[in-house]
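Subject: Structure handover

Dear colleague,

I am passing on the structure below, together with some notes on what was found in it. Please read the notes with the structure open beside them.

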Amino acid sequence: MKKLPHVSALKVLWNSKEILKNPLPFHKVNFDKLGDTFRISIPGEGKVLFSRDPDFVKEVLQKKHRFYAKSKLQTQDLAKYIGYGLLTAEGQHWRTHRRMIQPAFHLKNLKSLLGIMQEAIAYELNRIVPRKEQDVFELMGDVAFQVVAKSLFSSNDIRQPMARLKKVTEENQRMLIKEMRRPFLKWWFRASGEIGSELKKSAEARTILNALIEERLKGEQNSTDLLDMLLAATYEDGSKMPREQLIDELLILFTAGHETTANALSFTLYFLAKNENLQEKLLAESLLLDTTSVTLEDLQKLPLIQSCINEAMRLYPPAYFIDRVAMENNEINGFELKKGTLVLLSLFELHRHEGFWKAPEDYIADRFLHFQDKTYTDYYYPFGAGPRMCIGNAFATFEMAMVVATLVKKYKITTSMDRIEINPMISLKPKEVKLQFTLR
């Protein structure tokens with residue numbers, strides 16, 4: 001068996017302040033020095049295997065997925081804030097609810113949500129003040145959150161409770177990041193009451209969602225939104241989802257469903273703002289789209305817009321790391337993985353690997369125009385892979401295309417920024433994206 005290169009706990013502690021702010025430069029140094037797979041000793045966690053090897057990714061997420069489970073980072077640490085739903089659950093519990101919820105995201109059901117999505121997008125984008133520079137990351141966060149909110153609660157008056165829910169989920173996430181990057185201080189976070197305070201906020205979020213569910217159940221109006229689909233879903237014995245489980249699923253749909261989309265849109269719009277000629281090409285494509293009455297077929301005919309979004313997610317994948325734990329002893333590429341080994345797959349590094357991508361650090365807008373030939377299948381995972389692939393990938397894809405098409409059709413986009421600073425949280429965020437929109 002091959003011997004894994006190793007990064008000591010002392011080196012981790014020495015770089016702990018920088019790792020807390022942004023761990024990616026630290027990991028890049030190690031990947032460049034040690035190769036595509038190495039092991040790190042993390043104080044409070046033990047030894048963790050890091051890999052950007054595409055064979056590792058494919059084996060862990062697809063071919064040998066039954067031998068790997070999500071780590072306690074998600075099944076315990078994250079779950080204590082957002083419950084045990086599709087993102088955090090494991091085993092039979094996850095399989096049961098994945099089968100139960102999957103139909104809500106089939107294309108035929110997404111068709112019925114397009115009007116709702118379009119209305120939410122138009123409402124939020126109307127906040128743009130032409131010729132005034134603004135942080136589009138905040139705007140895209142509100143757009144994506146309201147799209148999820150209206151897709152779930154189309155018949156409810158939700159703007160005020162959703163604003164509070166968004167704030168709570170963001171504050172919970174900041175606390176979780178502190179726990180994850182400084183596991184040796186978890187005892188202090190508990191003793192000082194920081195974790196307890198965040199758990200109270202999480203309970204408040206659950207109360208908000210429960211009130212919206214109660215309001216829906218008391219009403220007589222039938223909707224075609226995701227909440228009605230989830231309320232109608234049944235287990236094999238015909239029983240409905242328990243209320244606490246429904247709230248778990250809703251919290252996860254909000255957390256995972258809006259944040260990754262907002263990140264990808266923000267990065268995409270930054271790259272468009274840097275290239276006026278590209279915007280003109282996208283304008284020609286978007287003119288074919290009636291943004292007042294979008295159909296699924298229309299959204300599937302925007303190849304350059306989709307390529308631009310895909311390329312932004314290559315450079316800045318929202319889920320920049322995927323974690324798994326080996327459930328039994330096995331071997332990948334000559335490396336032995338013992339039962340209990342924590343594996344972190346770096347999609348950020350794989351997406352920029354010079355061995356698999358031409359000019360990997362450059363944004364090439366038309367790189368994915370011929371993606372159907374599967375050139376990059378083994379090296380590109382914007383929504384994960386295997387059975388745990390993001391259930392809302394089609395929903396997010398259509399939403400992002402609709403937002404980009406709507407914006408380039410109405411505005412020319414510019415920026416004074418030379419580069420984006422990233423903020424790796426649970427997902428990969430930009431710190432800010434200042435853009436200016438000028439009416440065409």
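In which sense do β3 and strand β9 (residues 342–346) pair, and over how many bridges? β3 and β9 pair in the parallel sense, over four bridges, where pairing requires that DSSP finds at least two bridges between two strands, and helices (H or I, at least four residues) and strands (E, at least two) are DSSP runs numbered from the N terminus. Within this pairing, Phe50 stands opposite Leu344 in β9.

Please bear in mind that this is a predicted model, in which local features need pLDDT of at least 70 and side-chain atom pairs count only at pLDDT 80 or more, while totals for chains, interfaces and linings use all residues. Residues are numbered from 1 along each chain as its sequence is written, and side-chain values use heavy atoms, with hydrogens and water left out.

Strand β3 (residues 46–51) is also joined to strand β2 (residues 37–42), to which it runs antiparallel, by six bridges, and there Leu49 of β3 is the bridge partner of Arg39.

Helix α8 (residues 136–152) has 17 residues and spans 24 Å from its first C-alpha to its last, close to the expected 24 Å, which is 1.5 Å times one less than its number of residues. Of the 17 residues of α8, 15 are buried, that is, under 20% relative accessible area, with exposed meaning over 50% and partly exposed in between (1.4 Å probe, protein chains only).

As for the cysteines, Cys308 is buried at 1% relative accessible area, whereas Cys390 is partly exposed at 34%.

Best regards
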